[in-house]
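Please look at the sequence and the model first, then read the points by topic.

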Amino acid sequence: MYISQNYSYAILRPLQQKILAQGGEVCWFLEGNEVTPNFLKANEQRLVTIDEVIRWSPDVSFIPGNVIPSFIPGIKVGLFHGFNSGKRNRRGFEDHFNIRGCFDLYCTQGPNTTTKFEQLSKQHKHFAVKETGWPTLDPLFSPNSKSSYSQPNDKRKTLLICSTFSRNLSLAPKLYQAIKMFSEQGKWRILVQFHPKMPSELVTKYQALENTNLTFIETDNVLPLLKAADVMLCDTSSILLMFILQRKPVVTFCNQAPGNHLINVTDPNKVEAAIEFALTHPPQLMDNIESFCQQLHPYQDGLSSERVLAASNELLLTPPPLKPKPLNLIRNLKMRKKLKYWRW
């Protein structure tokens, strides 16, 4: 499990559970300063250095990020750190489909990304594609999992507010006064969770709003938050796509790719009314959400981890005729410098 962000623990743990249940072994490698070893559990094994990784010689590396150095042994499987939310890079391309030449297999989440990756596979010829669903969501569709953030004795509806960290896209600075008003009204029980890269001054401002109506939460596992809420207020963060898969409505503020599955507003004064409307579960909106979910991630069986393992084993045991991956000389040199690894 090759990770560089704290949220990756929750992304990969359902997969780890299935690997161990099938008699496999799992180790974790933590790249960089933005991932905290304290989130590792007592029974999880960590490889601290690249030398340890190479000696352990994994058959497969699972990566919920964008890159992994080529000098790691075994096949590399891209699992994504979120859904395609429509964000574009500086060149105007959707970053979700940026092929960096690091992976042997992409395990896609649903038809609306599988088709594009299959086209890219035919173009580049050095990676395979398999639609599996996203292992991260397996616990979301488990009937036995409970949310620690639910409060059965509080009969108010629960509003979950999430925001990305990008200054141009984030609702946090633009809706602060509105959210402050919501926290004082007490109409809803409010949970607030931000991207881990959110500027600290904004985090501090929202933490100061905490009262009996609003709770600010920092966590490496957002699934219990998603399960606890009735409606979400978001911007262009891909977390809204995880939430909507529960067939729950989402209100977005200035979303970059608004569709008829969302209630998108651009005026702060209209946010409250939009949330009230969402809580009525209007039939046309709910039909649009269902159609959207079937394209985004049609799997609700909680078995995506098993499909990922099957696809990885198939590639490992009967590899298709793929071209060699690009040398990526500059990227690999940068990775060697970052990881302080210069052996050849």
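Two strands count as paired if DSSP finds at least two bridges between them; helices (H or I, at least four residues) and strands (E, at least two) are DSSP runs, numbered from the N terminus. The model is predicted, with local features needing pLDDT of at least 70, side-chain atom pairs counting only at pLDDT 80 or more, and totals for chains, interfaces and linings using all residues. Residues are numbered from 1 along each chain as its sequence is written, and side-chain values use heavy atoms, leaving out hydrogens and water.

**The sheet**
- Four strands form an open sheet in the order β3-β4-β5-β6, with parallel pairing.
- Its edge strands, β3 (60-63) and β6 (128-131), each pair on one side only.
- On average, neighbouring strands of this sheet are turned by 25 degrees against each other, direction ignored (axes are lines fitted to C-alpha atoms, for helices over the stretch in contact, and angles run from 0 to 180 degrees between N-to-C directions).
- Two bridges link β4 (residues 75-78) and β5 (residues 105-108) in the parallel sense, and Val77 stands opposite Leu105 in β5.
- Helix α3 (residues 111-124) lies across β5 and β6, at about 165 degrees to β6.

**Thr158**
- Thr158 belongs to strand β7 (residues 158-163).
- Thr158 counts as buried because its relative accessibility is 4% (buried means under 20% relative accessible area, exposed over 50%, partly exposed in between, with a 1.4 Å probe and protein chains only).
- Beyond four places in sequence, Thr158 has contacts (heavy atoms within 4.5 Å) that include Arg189 and Leu191.

**His195**
- His195 sits in the loop between β8 (189-194) and α5 (200-207).
- Leaving aside neighbours within four places in sequence, His195 is in contact with Tyr7, Ser163, Thr164 and Phe165.
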